[in-house]
Amino acid sequence: MAFDGITIAGVVKEMKDALVGGRIYKVAQPEPDELLLTVKGTAGQRRLLISAGASLPLLYLTEGNKQAPMTAPGFCMLLRKHLQNGRITDIYQPGLERIVHVEVEHLNEMGDLCRKKLIVEIMGKHSNIIFCDDKDMIIDSIKHVSGLISSVREVLPGKPYFVADTTHKQNPLVMEEQSFAEHMQNAPMPVFKAIYTGYTGISPVIAQEICYRAGVDGEQPTAALSVLDIQRLYGVWDEMRRAVLAGCFSPCIVYDGKKPVEFAAFPLTMYADGTLKHYDSLSALLEHYYAEKSVHTRIRQKSADLRRIVQTALERNVKKYDLQLQQLKDTEKREDYRIYGELLNTYGYGAKEGAKYLDAVNYYTNEPVRIPLDGTLSATENAKKYFEKYGKLKRTHEALTTLTIEVKEEIEHLKSISAALDIAVGEEDLVQIKEELIESGYIRRKAGAKKAKVTSRPFHYISSDGYDMYVGKNNFQNDELTFKFATGNDWWFHAKGCPGSHVIVKSKGSEEMPDATFEEAARLAAHYSAGSRQDKVEVDYIQKKHVKKPGGAKPGFVIYHTNYSMTIEADISGIKVV
């Protein structure tokens, strides 16, 4: 999924149409590397989301809003001072670079008209939001880049702003056919790679699409291209270039079934087997595609410490469990040692002095057995030695049998917490998971700290038949849903044999629940489980009154018998969420 120069060109076109001439009404910084500008113009109020996140840099118009922190960061305060109530005079993209310039004019404290520039660079981990004056001197940036970080360019207050030319790519918007032909003939690499490495703003996906439309194998070396091939390649690009310059875009997402494969500013005809979903604007496409991904990325960043704690504890317990199983396996010979001792007490009189073994008949099975002996000991002493070995292994077996059960339960508990971290959609969900880790002894509560206030709530869905369905986000919520919220005739669902959420469907008295609701609840249980990536997930379901919690069991752990099961996909699209 490439946020390339062509995609940015489409977003810039939308920004120019919606924002130029408008005044910046609000400046917010919801995240350390993110800005949300509210602009009021003749067409009404619009919001511009700008993210310089290393993993998910973004730029698009949005109707949504985000909660800003109580205390605004310094960069946000600086922008408010200079840009609030300023008028956007121009928005443009240099060439087809992944850079956007937003020019703003405002009045300073003396009432003089001043011009400033907000520069957004969408460049992966090097993404940044830079605030400059009218002479391109950096006033500040959302990320500071010193000489220790980059030897190519410093991004610090007082430094001049410039774009470092480290790739030596050409501007494809002014490319001529002759220079294109020379480049393709002199680039010793696959055709599609020669296109995207030689020109700015063209992603590998668009390069492959150009090759596909031109009827050229993009994987073949450029040396295999004929003059006609190069002409067709240039012709396809020239058509795209004219569309970019004219601002004519046709945004779409390619789906493989229900899974998004790729998006682009133009239809991707090379995905013949895929399903194309078209959007009216690139901003709408980007918001739809990245909204869920952005939340997921943020939560994974914020949950990194908890994940590390859980993963470390899980690895430690798995190693302990494997070692215990090996030790338990070593105790399997304990009964042999007991029998050796008994047989020596019975037949030991026949052992010769200094003998290395004694042949006897095992009177339990009537089979011959050869008993190893220590030649320096008598038969009675050898028997005593075997009984001592048996006693030691028996005690070890009894202790390990209990310990392995405890460690196995701990592993399952940690896996369930890991699954809950994957399900978490907000910081309030992480608070409850952290509380569980504290109560389980994996995190020490700070001295004087009180128990965290719980604001996280289970997911609430409505089935197509109007039944309320609730999904626990973590073990505490699972216990509360099953044993405090649900009543006896409510239905309980859970993915079989893997960590996941408890799903409760509220019954409607004596009314029989429709099959569609059973299937939708099972899909929820499959989706919110560790097996959600499988094609099919087996889900157990039973009335709540048959679900029990053993005394002293870990949070979220239950037992049940005589349940029903179904195998179903983990797809929950179409299920109404409240």
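Predicted model: local features only at pLDDT ≥ 70, side-chain atom pairs only at ≥ 80, totals over all residues.

**Entry 1: Y279**

I started with Y279, which counts as buried because its relative accessibility is 14%, under the 20% cut-off. I placed Y279 in the loop between β12 (275–278) and α7 (282–302). Then I listed what Y279 touches, leaving aside neighbours within four places in sequence: P251, I253, Y255, A284, L285 and H288. I also took one distance from here: Y279 and E315 are 36 residues apart along the chain, and their C-alpha atoms are separated by 45 Å.

**Entry 2: The whole protein**

Next I stepped back. I counted 13 helices and 21 strands in the protein. How does its radius of gyration compare with the globule rule for 578 residues? I found 34 Å, well over the 25 Å that the rule gives, so the protein is more spread out than a compact globule.

For contacts with a separation of 6 or more, 58% are between residues 24 or more positions apart. The accessible surface came out at about 30,300 Å², with 51% of that belonging to carbon and sulfur atoms. On charges, I noted 75 positive and 76 negative ones, whose mean positions are 6 Å apart.

**Entry 3: Cysteines**

How many disulfides does a search of the whole structure find? I got 0. I checked C248 and found that its closest cysteine sulfur is in C252, 15 Å away, which is too far for a bond. Looking from C252, the closest cysteine sulfur is that of C248, again at 15 Å and too far for a bond.

**Entry 4: K40**

I moved on to K40, found in strand β2 (residues 34–41). Is K40 buried or partly exposed? At 39% relative accessibility, K40 counts as partly exposed. Beyond its neighbours within four places in sequence, K40 is in contact with G22, R23, Y25 and Q45. I also took a span from this residue: K40 and E353 are 313 residues apart in sequence, and 106 Å separates them in space, C-alpha to C-alpha.

**Entry 5: Q477**

For Q477, I noted a place in helix α12 (residues 475–485). Its relative accessibility is 3%, so Q477 counts as buried. Which residues does Q477 touch, not counting those up to four places away in sequence? I wrote down Q432, S456, R457, P458, V471 and G472.

**Entry 6: Helix α5**

My last stop was helix α5, which covers residues 204–214. Which residues of this helix are buried? I listed V205, I206, A207, E209, I210, C211 and A214. One backbone detail went in beside that list: G215 follows α5, and its phi is positive, near 75°.

How values were computed
Residues numbered from 1 in each chain as written. Heavy atoms only, no water. Helix = DSSP H or I, 4+ residues; strand = E, 2+ residues; numbered from the N terminus. Rg over C-alpha atoms; globule rule 2.2 N^0.38 Å. Contact = heavy atoms within 4.5 Å. Areas by Shrake-Rupley, 256 points an atom, 1.4 Å probe, with all protein chains shown as cover. Lys, Arg positive; Asp, Glu negative; His and termini not counted. Charge placed at Lys NZ, Arg CZ, Asp CG, Glu CD. Disulfide = S-S within 2.5 Å. Buried < 20%, exposed > 50% of the residue type's maximum accessible area, 1.4 Å probe, protein only.
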